Amino acid sequence: MKYEKYADKICQKLTEFQNNFRKHYDTENYENWFYNQSSETLRLYSNDKEIYFKYIPVGTFSLNTNSWLWAWANEDSVEPRKLRTLKIKEFGEKKNYEKLTNPHFDGDKFTGWELTSIAFDIIGGIGTYRVISDHLEKYLLLTEQITKEEAEKIESELIECSVHGKIRKAFICQHLNTEQKTGFEEAFETYRGMELDEEDDFQAWCSECEKERLKTDGWNDESMEFAKIKLVCERCYFEIKESN
């Protein structure tokens, strides 16, 4: 199917779904919005009411340059789940749809909703939302409604990194860094943007720490003293992982 025909079909599909979503959550009757990139939460609020959602960023459309940038290609974004949009890129590669594979390209006033419709069809969610700040339109897939308490809990578990800002935490041994290869052992296999269970954290240590851990048949006071585990942010963690 040619891209234009495919996109038109998917846009119509989202329009029908979105009408029900807006009606169900009354999203048009909130005066203000606020989104937090680090926690990937959206708050809609007025003086007497508010509602919270978890979201996946789709991309942004610049009103200055009339250009689209996919979330997966946005290096300024700290949103962990932006890499979920790589599924759209993979789909585009299979179908040879250039708009889904090019990270940044010229568009028009319809581009944002067109690509968000496709993202919604491929990734899913409970609805979509657009926020406009100055010259930039930001498009979101809303994945679930959450309570204020849940949103606050997510934000309370973030740390402030001097390089990357407020972001999810991770733990590494004292020997891991980006300057030299020391090996990289993990508590479980990880990838950028992955969702974690409530009791899990990103955890890694070097090859020497792994030898100490195996000597003592697991972590104990002695192996922990050798490792001297320290706190870093998620982006620092994956930069170190990639360098190792």
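The largest cavity holds about 30 Å³ of space, and the count of cavities of 30 Å³ or more comes to one. On a 1 Å grid over the protein atoms alone, a cavity is a set of points where a 1.4 Å probe fits but cannot get out, while a pocket is an open set with protein on both sides within 12 Å along at least five of seven lines; lining residues have an atom within 4 Å of a point. Grid points are joined across faces, edges and corners, and a volume is the space filled by probe spheres set on the points. This is a predicted model, where local features need pLDDT of at least 70 and side-chain atom pairs count only at pLDDT 80 or more, though totals for chains, interfaces and linings use all residues. Residues are numbered from 1 along each chain as its sequence is written, and side-chain values use heavy atoms, with hydrogens and water left out.

So who sits around that cavity? Its lining is made of P57, G59, T60, A71, N74, S77, E79 and K138. Strand β3 (residues 50–62) gives the largest share, three residues. Helices (H or I, at least four residues) and strands (E, at least two) are DSSP runs here, numbered from the N terminus. Sorted by class, the cavity lining has two nonpolar, four polar and two charged residues. For that sorting, Ala, Val, Leu, Ile, Met, Phe, Trp, Tyr, Cys and Pro count as nonpolar, Asp, Glu, Lys and Arg as charged, and the others, Gly among them, as polar.

I56 has L141 of β7 as its bridge partner. β7 also pairs with strand β6 (residues 127–133), again in the antiparallel sense, over seven bridges. Here G127 stands opposite L142, and Y129 stands opposite L140. The hairpin of β6 and β7 has two residues between the strands, and D134 takes a positive phi near 55 degrees in it.

Now for the open spaces. The largest pocket has a volume of about 690 Å³. Of its 24 lining residues, K54, I154, E157, R168 and L196 are the closest to the centre. What is the lining made of, by class? It divides into six nonpolar, three polar and 15 charged residues.

β9 is worth a look of its own, as it has several partners to go through. With strand β8 (residues 158–161), β9 pairs in the antiparallel sense over four bridges, and I159 stands opposite I167. The two strands form a hairpin with three residues between them. Four bridges join β9 to strand β12 (residues 230–233), also antiparallel, and there K169 has C233 as its bridge partner. With strand β11 (residues 202–205), β9 pairs in the parallel sense over three bridges, and I172 stands opposite A204.

The second largest pocket contains about 270 Å³ of space. It is lined by 16 residues, with S77, K82, L83, R192 and R235 nearest its centre. By class, the lining comes to seven nonpolar, three polar and six charged residues.

Last stop: a helix pair. Two packed helices are described by the angle between their axes and the distance between the axes. Helix α2 (residues 86–95) packs against helix α4 (residues 111–123) at an angle of about 95 degrees, with the axes 9 Å apart. Axes are lines fitted to C-alpha atoms, for helices over the stretch in contact, and angles run from 0 to 180 degrees between N-to-C directions. α2 and α4 are therefore roughly perpendicular to each other; angles under 35 degrees count as roughly parallel, over 145 as roughly antiparallel, 65 to 115 as roughly perpendicular and the rest as oblique. K87, I88 and F91 of α2 make the contact with I118, A119, I122 and I123 of α4, where contact means heavy atoms within 4.5 Å. Those residues divide into six nonpolar, no polar and one charged.

Key
Pairing = 2+ DSSP bridges.
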